[in-house]
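Thanks, everyone. Let's get the model up on the screen and start.

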Amino acid sequence: MRKPLIAYIVSAAVLVTAVGLGVSIGSVHVPISTLWNQGADTTATNILWKIRMPRVILAGLVGASLAIAGAAFQGLLKNPLADPYTLGVSSGASVGAVMTLFFGISIPVLGLYTLPVFSMAGAAITMFLVLSFAKLVDRGLNMETIILTGIIFGSFLGSVLSLMIALTGEELRQIIGWLLGSVSMRGWNYIHMILPFTIIGSFLLWMNRRELNAMLFGEDRAKHLGVDVKRRKLVILIGGSILTGAAVSVSGTIGFVGLVVPHMTRLLWGADHRHLLTLSFMNGATLLIICDLIARTIISPTELPVGVITAFIGAPVFAFIFYRQRKGGAA
């Protein structure tokens, strides 16, 4: 237990450091002591609690959701390319959001929540269609069938997105900005929107941590160990899709977090899902908080979409990991 304990301590320390840097660094420096100083400057307090803190927490929740979902999908599918986007769920969420912007949909009862609700509805519908079609093709829901089905639906929904963007006029900048991914100016309302789904999705995956370990040895071996493979696969897929849909609904499309973080966590601390899921959750939060900090400070006062930063960092790292694994397999 010594190595897992060290892993948790290191990951927690890095996460706390990232939060501290995220809330204090920016165009206006806010001392970290403002968090507990009752007599702090009013302006600094407002910046901290109304702008920085909700942004940092939202970035952490989005990064954590994508990372733990990625770890679960990679373990379930036994595929290094698997991540929350493999099933096309993020494409479905993006279509729901872009349709809201494209048609100018605004439901008075929902108000600010119109965009996230439609985005999550798109994710849920896509998940249902992918699983239904995969079951129609293969009642056993083999992983290869699910992956191919996700690619098919993701490609189709990508073409729908391209069509709407091509037909868009004045809303083009807003749509493109959303698709690039951002946690800027979201506020506490968006945290209230994602938090319940992050808790539910993460709990579903964490409850299946031992089953994920068993499935690493193959479905037949897992069945011999007493795992209800079909049921567990559905629960894990649903949990990961809840997390992905919730993340995309509040932040747009942010790639590579679900790919890179589980790989790096597995490389550093091992592949035991009893610890990998929780550590990926923590490290995913850390990565996106740091990426968002870079996005809003690297060319300050202009802000970059955080999705651009994750792509710049994630693509080379993932390429290196993929190259190393392929060379290792060839050897």
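One definition before anything else: buried means under 20% relative accessible area, exposed means over 50%, and partly exposed is in between. Keep in mind that this is a predicted model.

Aromatics, then. The structure holds two aromatic pairs. Take F102 and F103. Their ring centres are 4.9 Å apart and the planes sit at 90°, so this pair is edge-to-face. How exposed is F103? Its relative accessible area is 53%, over the 50% cut-off, so F103 is exposed. F102 has 22%, which makes F102 partly exposed.

Now F133 and F153. This pair is edge-to-face too, at 6.2 Å centre to centre with 65° between the planes. It links distant parts of the chain: the two residues are 20 apart, with F133 in helix α4, residues 114–137, and F153 in helix α5, residues 143–167. Buried or exposed, for F153? F153 is buried, at 18% relative accessible area. F133 comes out partly exposed, at 37%.

On to helix packing. Two packed helices are described by the angle between their axes and the distance between the axes. Here, helix α1, residues 2–24, packs on helix α2, residues 42–77. The angle is about 140°, and the axes are 9 Å apart. That makes α1 oblique to α2. The crossing of α1 past α2 is right-handed.

Which residues meet? From α1, V19, G22, V23 and S24; from α2, L48, R52, M53 and V56. By type, the residues of this contact split into five nonpolar, two polar and one charged.

That's my part. Over to you.

Methods: Residues numbered from 1 in each chain as written. Predicted model: local features only at pLDDT ≥ 70, side-chain atom pairs only at ≥ 80, totals over all residues. Heavy atoms only, no water. Axes fitted to C-alpha atoms, helices over the stretch in contact; angles between N-to-C directions. Helix = DSSP H or I, 4+ residues; strand = E, 2+ residues; numbered from the N terminus. Parallel < 35°, antiparallel > 145°, perpendicular 65-115°, else oblique. Left-handed = near helix turned anticlockwise from the far one by under 90°. Contact = heavy atoms within 4.5 Å. Nonpolar A, V, L, I, M, F, W, Y, C, P; charged D, E, K, R; others polar. Phe/Tyr/Trp six-rings, centres within 6.5 Å; stacked < 30°, edge-to-face > 60°. Buried < 20%, exposed > 50% of the residue type's maximum accessible area, 1.4 Å probe, protein only.
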